[in-house]
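Open the model in your viewer and keep the selection tool at hand. The tour has two stops.

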Amino acid sequence: MLERLEGLRIIANAQALDAAVWPNGSRVFRLAADDVFLLGDGEVHLDDPHAIVELETGFSGMSMEPAAALDWLESTCEWELPGQRPAFAQGAVAGLAVKLWFDETEVFVMTASALAAELEERMP
Amino acid sequence: MSLRITCPHCGVRPLEEYLYGEVPVVPDDVVGDDARDLDRAFMRANTEGVIRERWFHAMGCRRWLWADRDTRTDEML
Amino acid sequence: MNEFIEAKVALQWQQPKAAYDVVIVGGGGHGLATAYYLATRHGITNVGVFERSYIGGGNSGRNTTVIRANYGIPEAVRFYQRSLELFASLEDETDRWIMHNQKGLLWMTHTEHGMRAEKARAAVNTAFGAKTRYVEPEEIKEICPQIDLSGGGKFPVLGASYHEEGATARHDRVVWALAEGAMHRGVHVHQRAPVTGLLRDGDRVTGIETPDGPVSAGVVVSAVGGHVTTLASMAGLRLPIRSHPLQAFVTNHYAQAFDAIAASTDLLFYMSQTARGEMLLGAEIDRQPSYSYRSGHHFLESCAHRAMTLFPFLRDLRILRQWTGICDMSPDYSPIMGKTGVDGFLVTTGWGTWGFKAIPVGGEQMAQLIATDKTPELIAPFSLDRFARDRTLADRGSAGTH
Ligand SMILES: Cc1cc2nc3c(=O)[nH]c(=O)nc-3n(C[C@H](O)[C@H](O)[C@H](O)COP(=O)(O)OP(=O)(O)OC[C@H]3O[C@@H](n4cnc5c(N)ncnc54)[C@H](O)[C@@H]3O)c2cc1C
Ligand SMILES: [Zn+2]
């Protein structure tokens, strides 16, 4: 189910991240103003000479079919899910810290690998 | 209904996503290093009213934010 | 009308006098017990208790009524053991049925570390006069047949400390028995009488301010529970207290008898059965200081969930009521009693989530301090200046919110 992910962790100033052009088809998890987790192949151009870009292997995730995912999320989230697509959201899902990527074709569900087994138990 | 706190990055979220961060304030009229250390370590205004405090968005962006809360009602201002 | 309400009706309510020897602010268990022991042990009856709401309307009427002495440090074991004795004789002494019921308390653990802690607890208790022993799972099952020793497969019960004298009593009856005992001896108890300020002469506190005017006092005792920092600030005093909400709830009637009080440190809950057969549960405090009585659904869910891992029968019960109290938490989880450095102003606070069991001993000791102007040996370690003297009494592992 949830698989260990290999992505890029990018710490940079917020304006540079706002202006960045991300590779086509990539999933962009804007974890904080100055913090991105990027899943996808291709070059990233950032206007920040002090940016830190590292391989990040601490998350696990899986892709879900949108209708099934929304059903599950609506019953396990106490907060409002984003309406637009694509979108990123993060918060408590079934009591665990979860990060979500929404687009037209999927909902990608991700969490810290240490919580992955527990999250699986709480998934449909 | 659980208390809700607005994270500027992640949005409106239930209290359970956050950790509490106390902000000890030593009043100016506490004088002397020992007295100020003692006050900072232990004494609290414990205000019945509006306080300024910090919350850590542990289940979201993992950043600290500032908030004002009325401790009598738990209303976030 | 039950015998208890009748007793209430027969009480003589007085108008506040302009002066009392002793003014006690707060008509909770600790304020009323102080008045009761002043009157019964020292013949001091020129005493006025000022309660802003109704007596027992604070935490003394909101708690889960666990009485026990199985603390982790000698000072506390001795102190609470004295309270057990006073509680056991309170019914005879006041001639009021407070429903004191010795049940035995099981404090369960699910980790190696917890086992060591409970064994240490049993040893310290035995050394300082409390009846506690370490018990193995088989005996736990005998004491408490409803338990799932496997803890739902996730939290196996490895052992427990068993505190035979663990008990419960009906909280509002305790409060009223003390109020009545004090009032029959001449103490004035005033309900709907908020204290809005303190009278001061220089640094000394000389009385209180009320909406009906000032009342002077030889000594003012703060027994206001979670609101203590607000009152103390009127005396120019800062205290090491934060007020945190604590919630509890009861289920509907459970048909079987559940005799013991069951607690788990690792799972952070405790449970007992009320005289009406309801299951009464509590858990930990809210993390943020607050004076709001707002009850949270999240608390119910997580507390019930943890309790069900040991007691699957709870699944078939419904939650009937939940409520909240505001607890005066001290940094070391021990009470703060006695002199404050401000003349004429005493406190009894730091009762946090654990002060119901201490109502008789707290009152007895505060009364002795007031009557003799000397801090009794039993409460000397709990004085406010311990923080400045670097003599804190850390016992968080024993506070357990009950
Ligand atoms: C849910 C819950 C469960 C608990 N379970 C247990 C347990 O199982 N065992 C245990 O030992 N302890 C328990 N406790 C703790 C225990 O209830 C308290 O420590 C104890 O009741 C404190 O008594 P008190 O007299 O100091 O305070 P209170 O009973 O709170 O009394 C203080 C009184 O002061 C009044 N007051 C406040 N300000 C003013 C003012 N300005 N003027 C006049 N009056 C004022 C208030 O109205 C109140 O009536 C629990 C507490 C809670 C909330
Ligand atoms: Zn956030």
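Helix axes here are lines fitted to C-alpha atoms over the stretch in contact, and angles run from 0 to 180 degrees between N-to-C directions. This is a predicted model, in which local features need pLDDT of at least 70 and side-chain atom pairs pLDDT 80 or more, while totals for chains, interfaces and linings use all residues. Residues are numbered from 1 along each chain as its sequence is written, chains are lettered from A in the order written, and side-chain values use heavy atoms, without hydrogens or water.

**Stop one: two helices of chain C**

Select residues 74–94 of chain C, helix H3, and residues 359–372, helix H9. (Helices are DSSP runs of H or I with at least four residues, and strands are runs of E with at least two, numbered from the N terminus.) The two axes come within 7 Å and cross at roughly 105°. H3(C) is therefore roughly perpendicular to H9(C), a label for angles of 65 to 115 degrees.

Now show the side chains. On H3(C), the contact (heavy atoms within 4.5 Å) includes C:Phe79 and C:Arg82; on H9(C), C:Ile359 and C:Glu364 are among the residues involved.

**Stop two: chain B against chain A**

Select 13 residues of chain B and the 15 residues of chain A that they contact. About 1,000 Å² is buried between the chains, 46% of it from carbon and sulfur atoms; buried area is the accessible area (1.4 Å probe) lost on being put together, summed over both parts.

How many salt bridges cross the interface of chain B and chain A? The rule (a Lys or Arg side-chain nitrogen within 4 Å of an Asp or Glu carboxyl oxygen) finds 3. Zoom in on B:Arg63 and A:Asp34, whose side chains form a salt bridge at 2.8 Å, N to O. Strand S2 of chain B (residues 11–14) gives the largest share of the side touching chain A, 3 residues.

How values were computed:
Buried area = accessible area lost by both parts, 1.4 Å probe. Parallel < 35°, antiparallel > 145°, perpendicular 65-115°, else oblique.
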